[in-house]
Amino acid sequence: MVYNRTIDVIKGLAILFVIFIHSLTNQTVLAIGGPFYILQAVPLFLIIAGFNNTMSYERHRFETLIDLYQPILLLKKLNRILLPAVLAYLCQMAIGPFIGKEASIFFYLFGRGGFGGFFISIMIQLIFFLPFLYYLAKRNHHLMLLISFLVNLGFELASDSLDLPPFLYRLFFFRYLFAIALGIWFYFVQEEKKALFIIRIGAFLSIVYLIFVHYFGYTGPFYSFDTAWKGQDPLTFFYPLFLFYLGLTYLPKLRWNRLYEGLARLGKQSYHIFIVQMVYFWISASYIDKTQSILIIDLASCLIIGSAYYHLENYYLRHKKRNIKWH
């Protein structure tokens, strides 16, 4: 299957939403309807991760767990996640003492290295769990989705009843398990009318739920309600999947538009931009709580530096590859 560049456009939009999340106040986010697009950034990224990895496994025709868990494949994926993150952590450790910030190895192990630091931990876990989800999906993708929903729901309820410490809750990928599973499932059913009907119904119910949560103060028996991720639970993940479906369906109409190409480039660079914004807002938080008054500066700084970081790493990897071939 040929890679769909529209996926990069959606990732480009999602990384903009991440910057908005960390720049805008909660009041502003609610006033502009942010729960229905800005706050969907991380679930969108994880749905896309499930979809993209499934597409890759299908292209390589991986069938067995031995195929899926090849050490060289896992190490390659780990390197993609860790190399940009480690460099950012070293930068934070150097800067931390000068701005009165905590900077120790344990700080980073617990995903506290900035705004969205938990995401790196989740992506690392994803490398090891996603192949198994795909393996289950190849046998019965509907059953895989149901199991993932129940496990995700059980994790939320158990975390709430056991009063799990927030620093642990934020690190576990299980809180987004159903979103990841939806991305895998959607790959297999994207052409089925019955599945699209289910997605629309699920998205409608998710919207109703999000309205009650964010605008009427509804609180459910889920741990996420006591955190910054209120309402991000398995009862809402059909909605970001619907956004993904809409993006794949209608964004290609912008194909000859510069906006489309610009967003696609941002999507390719989204992980590096994410790392940069993590450090950027970590530093700015020492001086101001929310920076929405300088949103344009936030966007320009994160996007320009993140893009440069992406190209710098690519240059390093190409140079390293040439040296290996030469020797």
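**Ground rules.** I am working with a predicted model, where local features need pLDDT of at least 70, side-chain atom pairs count only at pLDDT 80 or more, and totals for chains, interfaces and linings use all residues. Residues are numbered from 1 along each chain as its sequence is written, and side-chain values use heavy atoms, without hydrogens and water.

**Cavity.** I looked for cavities (sets of points on a 1 Å grid over the protein atoms alone where a 1.4 Å probe fits but cannot get out). I found one of 30 Å³ or more. The largest cavity holds about 50 Å³, a volume being the space filled by probe spheres set on the points. Its lining (residues with an atom within 4 Å of a point) includes Pro-35, Leu-39, His-214 and Lys-230. I sorted the lining into four nonpolar, five polar and one charged.

**H3 and H7.** I took helices as DSSP runs (H or I, at least four residues), numbered from the N terminus. The axes of H3 (residues 41-60) and H7 (residues 118-161) come within 10 Å and cross at roughly 45°. That makes H3 oblique to H7; I count angles under 35 degrees as roughly parallel, over 145 as roughly antiparallel, 65 to 115 as roughly perpendicular and the rest as oblique. In contact (heavy atoms within 4.5 Å), I noted Phe-45 and Tyr-57 among the H3 residues, and Phe-119 and Tyr-134 among those of H7.

**H5 and H13.** The axes of H5 (residues 71-99) and H13 (residues 270-284) also come within 10 Å, crossing at roughly 15°. That makes H5 roughly parallel to H13.

Methods: 1 Å grid on protein atoms, 1.4 Å probe; cavity = no way out; pocket = protein on both sides within 12 Å on 5 of 7 lines; lining within 4 Å. Nonpolar A, V, L, I, M, F, W, Y, C, P; charged D, E, K, R; others polar. Axes fitted to C-alpha atoms, helices over the stretch in contact; angles between N-to-C directions. Helix = DSSP H or I, 4+ residues; strand = E, 2+ residues; numbered from the N terminus.
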